[in-house]
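Please look over the sequence and the coordinates before reading on, so that the description can be followed element by element.

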Amino acid sequence: EFKSWVDSLQGKQSKVKADDAKTAAGRHKAEGAAREHLTRVLGDKINVEFVKAFNDGTSGEWTKGATVNTIRLALNSDVLGTAYHESMHEFFALLGKHGGETVQAFMTRIASNKRVLNKLSQLLDGQPEAQAQLADPEEALAYMYQFWKAGLLPVDATAKTILQKVGKFFRRVFNMTRDSERAVELFVAFD
């Protein structure tokens, strides 16, 4: 059930499709793209494992370890989209480990925004298990980042007109930046 939903979003979520993972070359491509993202954003202090599939139909998991955390990704799903999702769990854990509680609180506040949760719920339509996970702010944040990376969740509107750009400039000058603007800046900085 979850796999069929993931398959339905394949073209939208990443360049590496689940169908690619059926061949050796496709598995290599999927693993390479996911590993490149995880290494670029998290460094080499995380254990990354690839499995053919999880018995429960999930796409990935993040597990806290004694010294090194582990991200496991199923090759029968959107490997890159799942890597985005799981990387946010690791980033969130790193923030907590290194005194970033203020940033964690900000991120969970953004992910708990009703408009964001409604959009995430729409994107997860037909997946009641995934929708139920949105009650956990960290899970909501991971989905938020995953869908933002896929281009499916615009967190903040891009300033296009002169008036919008001037407004954004003055919000920065007077330290009145919207939370959504800060969220995008945080995602961009993490990415």
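Predicted model: local features only at pLDDT ≥ 70, side-chain atom pairs only at ≥ 80, totals over all residues.

Residues are numbered from 1 along each chain as its sequence is written, and side-chain values use heavy atoms, with hydrogens and water left out.

The secondary structure of the protein comprises 10 helices and 3 strands, where helices (H or I, at least four residues) and strands (E, at least two) are DSSP runs numbered from the N terminus. Read from the N terminus, the elements follow the order α-α-α-β-β-β-α-α-α-α-α-α-α. Of the 191 residues, 43% count as buried, a term that stands for under 20% relative accessible area, with exposed meaning over 50% and partly exposed in between (1.4 Å probe, protein chains only). Among the contacts in the protein with a separation of 6 or more, 57% are between residues 24 or more positions apart, contact being defined as heavy atoms within 4.5 Å.

The 3 strands form an open sheet in the order S1-S3-S2, with mixed pairing; two strands pair if DSSP finds at least two bridges between them. Strand S1 (46–51) and strand S2 (60–63) are the edge strands, each pairing on one side only. On average, neighbouring strands of this sheet are turned by 15° against each other, direction ignored. S2 and strand S3 (residues 69–74) run antiparallel and are joined by 4 bridges, and a hairpin of 5 residues leads from S2 to S3. Within this pair, Gly60 stands opposite Leu73 and Glu61 stands opposite Arg72.

Helix H4 (residues 79–97) lies across S1, S2 and S3 and runs at about 165° to S3.

Leaving aside neighbours within four places in sequence, Val51 is in contact with Arg72, Leu73, Ala74 and Leu75. The C-alpha atoms of Val51 and Ala74 are separated by 4.9 Å, although these residues are 23 residues apart along the chain.

Methods: Axes fitted to C-alpha atoms, helices over the stretch in contact; angles between N-to-C directions.
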